[in-house]
Amino acid sequence: MAKRYLLGAAAAVGAGICLKNLVSVAVAADEGNKTDESTKLPAAIRFYQYQTCPFCSKVRAFLDYHAIPYEKIEVNPLFKKELKFASSKKIPLIVVNDTQLHESSLIVSALKTQLLGSRTFDEVLACYPEIRSKDAKGREIVERGNKYEVMLGSTENSEARREEVKWRIWVDDKLIHAMAPNIYRTLREARRSSA
């Protein structure tokens with residue numbers, strides 16, 4: 001039993017190193033093509049994260065790659081007191097102009113749309129409408145539509161955009177769940193996050 005856990009931990013660490021190396025190679029390959037995109041973004045971005053969370057790592061890699069300035073706030077995974085103000089205790093969370101964005105794919109899409117376009121951040125958020133529903137227990141769930149789409153307002157390169165969306169979904173559904181586990185307060189919370 002212990003060997004199985006050790007093997008799983010080794011695989012998770014290996015997947016994390018592989019993902020880091022892939023991002024490093026992509027960054028090095030595109031280094032010459034970078035422009036100063038960060039001037040188009042809001043002045044203050046606060047990023048709430050767990051250092052070991054793979055979804056947070058995805059957002060952190062995006063922010064660092066695009067040289068987007070942000071304030072990083074490490075959240076205590078057991079008590080989450082840093083998130084008292086938040087509408088949800090889920091991370092990653094960025095706060096821009098008092099607007100809270102959860103979900104790594106939504107964060108990346110919204111910020112990339114802001115970088116590539118000429119819209120304000122509030123105008124960009126209108127491209128990602130809130131969808132409210134109730135779960136099986138009657139609790140309200142708020143999600144945002146189009147979370148995998150960079151909203152450019154054109155259909156140029158639509159095949160490349162479809163391919164990007166396909167791979168972004170694969171990363172969220174497959175790759176990140178094969179990486180190092182997150183730290184949860186209870187076993188039930190851990191199971192619920194991967195369901």
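**Close-up views of a predicted model**

From the N terminus on, the elements of the protein chain follow the order α-β-α-β-β-β-α-α-β-β-α-α. The model is predicted.

**View 1. The protein chain has six helices and six strands.** The protein chain holds 195 residues, of which 34% count as buried. Take the contacts between residues at least 6 apart in sequence: 55% of them join residues at least 24 apart.

**View 2. Helices α2 and α3 cross at roughly 15 degrees.** Helix α2 covers residues 54–65, and helix α3 covers residues 104–116. Their axes come within 9 Å. Angles under 35 degrees count as roughly parallel, so α2 and α3 are roughly parallel to each other. The crossing of α2 and α3 is right-handed.

**View 3. Residues of α2 meet residues of α3.** On the α2 side, the contact is made by F55, K58, V59, F62 and L63. On the α3 side, the partners are S104, S105, I107, V108, L111, K112 and L115. Sorted by class, this contact of α2 with α3 has eight nonpolar, two polar and two charged residues.

**View 4. The largest nonpolar core has 31 residues.** Y48, L83, I91, I94, L101 and L111 are the residues with the most contacts inside this core. At least two core residues come from each of β1 (45–49), α2, β3 (93–96), α3 and α4 (121–125). Helix α3 gives the largest share of the core, six residues. In soluble globular proteins, nonpolar side chains tend to be buried together.

**View 5. I94 is among the residues with the most contacts inside the core.** Residues up to four places away in sequence are not counted here.

**View 6. E71 lies in strand β2.** Strand β2 covers residues 71–74. E71 has 44% relative accessibility and therefore counts as partly exposed. E71 touches I45, R46 and F47, again leaving out residues up to four places away in sequence. E71 and I45 are 26 residues apart along the chain, yet their C-alpha atoms are separated by 6.2 Å.

Terms used
Residues numbered from 1 in each chain as written. Predicted model: local features only at pLDDT ≥ 70, side-chain atom pairs only at ≥ 80, totals over all residues. Heavy atoms only, no water. Axes fitted to C-alpha atoms, helices over the stretch in contact; angles between N-to-C directions. Helix = DSSP H or I, 4+ residues; strand = E, 2+ residues; numbered from the N terminus. Parallel < 35°, antiparallel > 145°, perpendicular 65-115°, else oblique. Left-handed = near helix turned anticlockwise from the far one by under 90°. Contact = heavy atoms within 4.5 Å. Nonpolar A, V, L, I, M, F, W, Y, C, P; charged D, E, K, R; others polar. Core = buried A, V, L, I, M, F, W, Y, C linked by side-chain atoms within 4.5 Å. Buried < 20%, exposed > 50% of the residue type's maximum accessible area, 1.4 Å probe, protein only.
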